[in-house]
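Biologist: I'm new to this one. Could you walk me through how to read it, feature by feature?

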Amino acid sequence: MTEFPKNFLWGGATAANQVEGGYNEGGKGLSVTDITTAGSLTKPRYLTYTLDGKKGKVAGMFASSFPTGAKGKIFPDEYYPNHKAVDFYHHYKEDIKLFAEMGFKVYRMSIAWSRIFPNGEEAEPNKEGIEFYRNVFKELRKYNIEPLVTISHYEDPLYLAQKYHDWQDRRMIGDYVRYATTLFKEYKGLVKYWLTFNEINSTIAFLEFMGNNITDEDVQKAYQKLHYQFVASARAVKAAHAIDPEYVVGCMIAGSVSYPGTPDPKDILENRHAWEKNAFYCGDVQCKGEYPTFAHRLWNEHNVKLDITEQDRKDLKEGTVDMYTFSYYSTSLVTTHKIDEKMKGNFTSGQKNPYLKYSQWGWSTDPTGLQYYLEVIYDRYHLPIMVVENGLGAVDKVEDGAIHDHYRIDYLRQHIEAMKKAIGNGVDLRGYTTWGCIDLISAGTGQMSKRYGFIYVDRDDSGEGSLKRIPKDSFYWYKKVIDTNGEDLGE
Ligand code: BG6
């Protein structure tokens with residue numbers, strides 16, 4: 001019978017901007033998320049700015065959406081949910097204690113770049129920011145919880161993002177590497193596992209959401225940004241290994257699984273191309289150290305001409321990652337035929353799959369897709385793998401002080417079973433960190449009501465609530481899963 005490996009890293013994941021709060025405390029500078037308003041399933045999030053002395057806002061999550069000359073700004077009549085988030089900044093000891101109670105072996109978290117370098121260009125890092133994370137890591141170590149740290153999780157310092165138009169300038173690489181190197185030096189001995197960029201492939205995945213309005217210029221910008229991030233990631237990997245050969249550095253890719261919508265050979269080929277673009281383009285560069293052949297097809301389709309130097313190619317080759325990590329939520333269908341019913345998921349859109357159930361936010365539940373992705377990826381890269389995000393965003397009800405989230409338990413159980421099957425088929429899976437192990441601000445919608453956690457946080461979509469933490473039923477279930485190393489998955 002298949003078992004999880006003895007030292008399997010069970011745990012949970014969050015990102016700084018979605019849990020920390022304290023957006024203007026401890027010397028932190030503004031990041032792009034600090035000027036991002038709340039949205040909902042039907043309403044986008046907006047970035048707010050001033051242009052010619054007037055207030056403006058534009059839908060999006062990245063400064064690339066800004067009109068020329070706009071400057072990000074906070075307005076008192078807008079609500080910015082990430083400013084306080086769930087206030088991990090002041091509650092981290094309490095929260096880590098709860099993680100420890102569940103038996104976490106690992107906690108995936110990110111560092112807010114603008115807490116370390118407030119505008120991204122200072123000569124010296126911000127001491128208070130450095131000390132904050134040192135204390136968090138020490139607290140984790142107190143309970144033998146291994147930190148798994150994402151260096152950049154959707155929150156560039158606002159100053160840099162504006163200056164370089166969201167990675168449209170090669171100088172961003174140097175700022176990123178300096179920031180990453182500072183972390184590698186400061187936290188040597190406290191952290192072992194690092195991820196360079198969260199869902200690095202999101203840049204091209206976002207293009208899908210622009211639908212027919214997409215121009216060659218948009219595509220050019222997306223691929224150029226990605227290239228600079230690949231180089232930044234590779235140089236960071238090299239720096240990490242030079243500072244501590246024990247460091248394990250991973251890529252982090254949004255696990256985008258698609259199936260052909262019909263048996264039409266055109267759909268089969270279309271789906272193959274979707275995998276190349278959504279999964280293999282980034283995986284190949286970060287794991288194999290060079291652009292795949294099909295990259296030329298993707299570029300040529302939109303007249304993309306990239307600024308790639310010889311040194312870049314050398315760095316990509318020398319800075320390949322040590323492990324492959326990814327997020328996994330749902331799957332999609334790809335077809336060349338007319339779409340009857342559309343779905344939306346994490347970077348997925350298109351036709352609805354009649355064999356799958358969809359969440360309140362329209363994301364499909366597809367554990368088989370997780371097994372499929374694990375087996376394909378391991379076969380392609382032969383690197384150790386971690387699933388570093390997976391979970392169900394759902395509305396939770398507090399009833400007599402308890403939260404009976406059997407739907408979440410059900411979702412997670414099915415995905416753990418899928419991982420077990422993949423391990424049985426030879427995949428070297430090392431860890432699993434469920435997304436939003438404590439309730440947090442949704443990245444896509446800015447809502448609090450889209451909850452993923454084992455731990456409920458009393459806060460609503462308008463920022464009201466006591467911030468009290470309450471373990472949900474899933475908390476006790478996951479504790480048992482960890483205790484039995486994935487053997488007992490029953491409720
Ligand atoms: C991933 C991101 O795309 O999905 C997380 O890395 C995000 O930051 C998660 O929170 C879930 O998406 P959402 O929109 O429900 O928060």
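Biologist: Where is Glu-208 found?

Modeller: Helices are DSSP runs of H or I with at least four residues, strands are runs of E with at least two, and both are numbered from the N terminus. Glu-208 sits in helix H7, residues 202-209. Keep in mind that this is a predicted model, where local features need pLDDT of at least 70, side-chain atom pairs count only at pLDDT 80 or more, and totals for chains, interfaces and linings use all residues. Residues are numbered from 1 along each chain as its sequence is written, and side-chain values use heavy atoms, with hydrogens and water left out.

Biologist: Is Glu-208 buried, partly exposed or exposed?

Modeller: Buried means under 20% relative accessible area, exposed means over 50%, and partly exposed is in between (1.4 Å probe, protein chains only). Glu-208 counts as partly exposed because its relative accessibility is 37%.

Biologist: Which residues does His-153 touch?

Modeller: A contact means heavy atoms within 4.5 Å. Leaving out residues up to four places away in sequence, the ones His-153 touches include Ala-15, Arg-108, Glu-389 and Trp-435.

Biologist: How do I read a nonpolar core?

Modeller: In soluble globular proteins, nonpolar side chains tend to be buried together. A nonpolar core here is a set of buried Ala, Val, Leu, Ile, Met, Phe, Trp, Tyr and Cys residues joined through side-chain atoms within 4.5 Å. The largest one has 131 residues, and Tyr-176, Tyr-187 and Tyr-281 touch the most other members. Helix H8 (residues 216-243) gives the most to this core, with 14 residues. A second, separate core has 10 residues, among them Leu-9, Leu-195, Val-248 and Met-323.

Biologist: What does Tyr-176 touch?

Modeller: Not counting residues up to four places away in sequence, its contacts include Trp-113, Ile-151, Trp-167 and Phe-197.

Biologist: Now the whole chain: how many helices and strands are there?

Modeller: The chain has 14 helices and 19 strands. Its radius of gyration is 21 Å, close to the 23 Å that the globule rule gives for 491 residues, so it is as compact as a globular protein of that length. That radius is taken over C-alpha atoms, and the rule is 2.2 Å times the number of residues to the power 0.38. Buried residues make up 61% of the 491.
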